[in-house]
Amino acid sequence: MKLIFIGPPGSGKGTQAKHLERSRELIQLSTGDMLRATVASGSELGQQVKTIMESGELVSDDIMVSMIASRIAEPDCSGGFILDGFPRTVAQAAALDKMLAQQHTQIDGAIQFAVDPAVLIKRISGRFSCSNCGEGYHDEFKQPKQPGVCDICGATEFKRRADDNSDAVKTRLQAYEKQTAPLLPYYQYKGVLCKIDAMAEIDAVAAQVEKALDAIATQKA
Ligand code: AP5
């Protein structure tokens, strides 16, 4: 199954993609994580995108399209994937359609994480993740079961993101409204858009996503 997660920063896309990796053996393709790995590598491209990401603006379509084109061509993606953070512009969506058509396939579902913008700052400012496996946590909403120890891999180091500060978050929210929200009518028109109430608690959102995937699988069969 080939899925897209669409929602503003902090709406829970990464949290639910990680859940589905475990429950459905789908691969999470997070462009944010790929870009952060590129920055950490210290490459020339990493230095270019670091400043853009820290400001909260979007990285150029050319860079993002070539990053995803090479990733989805890898053998581990043949069984299906979740695009978490891509496409983020209509130009990226059109490029994705084209690359999938070349593989004689298409997107099965686009899941919209609908959320009241008022909760996003609180979600983002409390976020931290495991430095080893990337599992996401929150100071209030999702703490590790044993304080200071990752539930998934047992690591004890955690990190916070450089772009989770109020100025960058404001720019990220504006970028979502202006450049990414137009993808909703794009996928609605294609008949693959499915809206989830992302204001619910994490487990309740997971149940809605699972139900949506069951409906997509039935439609596909
Ligand atoms: P990216 O890393 O993709 O960030 P984002 O889209 O801003 O999304 P987030 O990761 O902030 O939020 P999320 O929805 O995954 O929320 P999460 O599950 O963590 O992109 C970063 C940057 O990279 C961009 O700004 C841009 O510069 C660049 N970039 C990436 N892709 C690009 C592209 N295609 N084109 C151009 N540029 C690109 O949840 C947040 C917190 O809330 C967590 O702590 C979690 O525990 C908690 N939480 C989750 N769900 C709930 C719930 N239901 N109730 C309560 N708490 C919850």
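## The shell around the ligand

A residue counts as near a molecule when one of its heavy atoms lies within 4 Å of it, and helices and strands here are DSSP runs, numbered from the N terminus. With that in hand, let's look at the ligand site of this predicted model.

The ligand is surrounded by 34 residues, and the closest are Thr15, Glu57, Arg88, Arg127 and Arg172. Sorted by class, this shell has 14 nonpolar, 10 polar and 10 charged residues. Helix α2 provides its largest share, four residues.

## Polar contacts and cover

Several contacts are worth a look on the structure. An N or O atom in the side chain of Arg127 sits 2.7 Å from an oxygen atom of the ligand. For Gly12, a polar backbone atom is 3.0 Å from a ligand oxygen atom. Arg161 brings a polar side-chain atom to 2.9 Å from an oxygen atom of the ligand.

On its own, the ligand has 1,000 Å² of accessible area, and the protein covers 95% of that. Two or more residues of the shell come from each of α1 (13-24), α2 (31-41), β6 (136-138) and α9 (202-220).

## A three-stranded sheet

Strand β6, one of the elements that give two or more residues to the shell, also belongs to an open sheet of three strands. The order is β6-β5-β7, and the pairing is antiparallel. Because β6 and β7 (158-159) stand at the edges with a single partner strand each, one side of each has no neighbour in the sheet.

Three bridges join β5 (residues 127-130) to β6 in the antiparallel sense. Across this pair, Ser129 stands opposite Gly136 in β6.

Key: Residues are numbered from 1 along each chain as its sequence is written. This is a predicted model: local features need pLDDT of at least 70, side-chain atom pairs count only at pLDDT 80 or more; totals for chains, interfaces and linings use all residues. Side-chain values use heavy atoms; hydrogens and water are left out. A polar contact is a pair of N or O atoms within 3.5 Å; within protein, one must be able to donate a hydrogen and the other to accept it, and residues adjacent in sequence count only if both atoms are side-chain atoms. Accessible areas come from the Shrake-Rupley method with a 1.4 Å probe; for residues, only the protein chains shown count as cover. Ala, Val, Leu, Ile, Met, Phe, Trp, Tyr, Cys and Pro count as nonpolar, Asp, Glu, Lys and Arg as charged, and the others, Gly among them, as polar. Two strands pair if DSSP finds at least two bridges between them.
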